[in-house]
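Subject: Structure for you to look at

Hello,

Here is the structure I promised, with the sequence. Please open it first, then read my notes below.

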Amino acid sequence: MSAPEIFQLSLGPLTGIAFSPDRSQVCVCPNSNEAQIYTRNGDSWDLTDTLAEHDKLITAIAWGPNTNRIVTCSQDRNAYVWTQTEQGWKPALVILKINRAATSVKWSPHENKFAVGSGSRIIAICHFDEENNWWTAKQIKKPLRSTVLSLDWHPNNYLLAAGTADGKTYVYSGYIKGLEAKPEATIWGDRLPTGQLLAEFRSPNGGWIHDVSFSPSGDALAFVAHDSSLSIIYASGPNEPPAAHIVVKLPALPFTNLTWTSESSIVAAGHDCQPILFTGSQSGWAISHSLDDPSSTSKPLTPSATGLRSGGGVGRLGNNEAFNMFKAADSKGQRGLAPSGATPSSAGLTPVGPDGLLLTVHQNTITHVEAYEWNQSGEVSKIFTAGRDGRLVLWPVTGGKGLAGRMAGLQV
């Protein structure tokens, strides 16, 4: 198994990240109101441009692989579509008509529209109005009763999944009349006017939904919730109950993000600071292994590379062994520090070393997991993760051992 590629882009959290179509550039938000564009230069990334138009924290970024347009959304209740010109990146304001923060954004597969989630209990389906030369939105409001935290488009460009803070996942029609051809009936539903609710699901124990994702075929939907669960729904037909509703309950901290790597595999990551591969089908799902294989790379990075002080840990108590033991028990559910030479698979889900650093590549919660590279058969061969430690990591999907021995067979 080849080693992951690790890049330290910021000393603080990355609240948004998206790659250019050819993967030569990446747009990130370093926990501020600006989006920064980095260009790859061999084994490093150089800051080459800054997108500065928002007044408050940027919460999400999406980069269209076909149109090469970037869309950013922010706590300032605005979204901008950025188009590259000879003079640089030029913003166009989107008329969202929301009165709370925008929380998430996703381009549709055909990139003729995008969806924005918000704290206003509204989903805005945005498209370009050629007559008025601006981006406008059609709103989905019912039956939303809380903040929309995550979104994902179905491969057919019409259906939209949304995860909310009240522990529910919805499947809507995102069809816009006059913009695109009338959609045909799907396995999720046959009545598809804009905003039509097609399906509704709840997390097992009411945890809010961190992320949702359709499978490559669109026939299955997965979501992760704050009750430490991964749910996979298989649709059976319009107005029919699911063919299967599988829940994997985790003996770990919650995942915050997930992505399908094939029709039978999912990678999820979150508060345990390492990406986990799941495999399965309608008959059941189980944990396969962690992609964070300690034998593949020397980690954690040196303190100078991570931005942490050499004594270990963050803050003035970083050198205190008793404090580190308490921190491990409180945040990671551990009873003690990991012994010297311990690995993620032998010392717990996210073990802490004697120096106070995690024995994982990421040193804080992973908040972004997305496909990075595909093989000839169309399956994802490499993913990228980013998180609150300011790191960008490129992971090969195949191979590894990690948590297989501890967690295999956990399925419902």
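Cysteine 273 sits in the loop that links β23 and β24 (276-281). The model is predicted, so please read everything here as computed from that prediction. Is cysteine 273 buried or exposed? Its relative accessibility is 1%. The cut-off for buried is under 20%, so cysteine 273 counts as buried. Histidine 362 is 89 residues away from cysteine 273 along the chain.

β23 and β24 belong to an open sheet of 4 strands. The order is β22-β23-β24-β25, and the pairing is antiparallel. Which strands stand at the edges? They are β22 (255-262) and β25 (284-290). Each has a single partner strand, so one side of each is left without a neighbour in the sheet. From one strand to the next, the twist averages 25 degrees.

β22 pairs with β23 (residues 265-270) over 6 bridges, in the antiparallel sense. Within that pairing, tryptophan 260 stands opposite isoleucine 266 in β23.

Leu93, Ile95 and Trp134 form a nonpolar patch. Together they have about 260 Å² of accessible area. Isoleucine 95 lies in the loop between β9 (88-94) and β10 (102-107). Its relative accessible area is 31%, so isoleucine 95 counts as partly exposed.

Best wishes

Technical notes. Residues are numbered from 1 along each chain as its sequence is written. This is a predicted model: local features need pLDDT of at least 70, side-chain atom pairs count only at pLDDT 80 or more; totals for chains, interfaces and linings use all residues. Side-chain values use heavy atoms; hydrogens and water are left out. Two strands pair if DSSP finds at least two bridges between them. Helices (H or I, at least four residues) and strands (E, at least two) are DSSP runs, numbered from the N terminus. Axes are lines fitted to C-alpha atoms, for helices over the stretch in contact, and angles run from 0 to 180 degrees between N-to-C directions. Buried means under 20% relative accessible area, exposed over 50%, partly exposed in between (1.4 Å probe, protein chains only). Patches are made of residues with over 30% relative accessible area and no salt bridge: like charges are joined within 9 Å, nonpolar side chains (Val, Leu, Ile, Met, Phe, Trp, Tyr) within 5 Å. Accessible areas come from the Shrake-Rupley method with a 1.4 Å probe; for residues, only the protein chains shown count as cover. A salt bridge is a side-chain nitrogen of Lys or Arg within 4 Å of a carboxyl oxygen of Asp or Glu.
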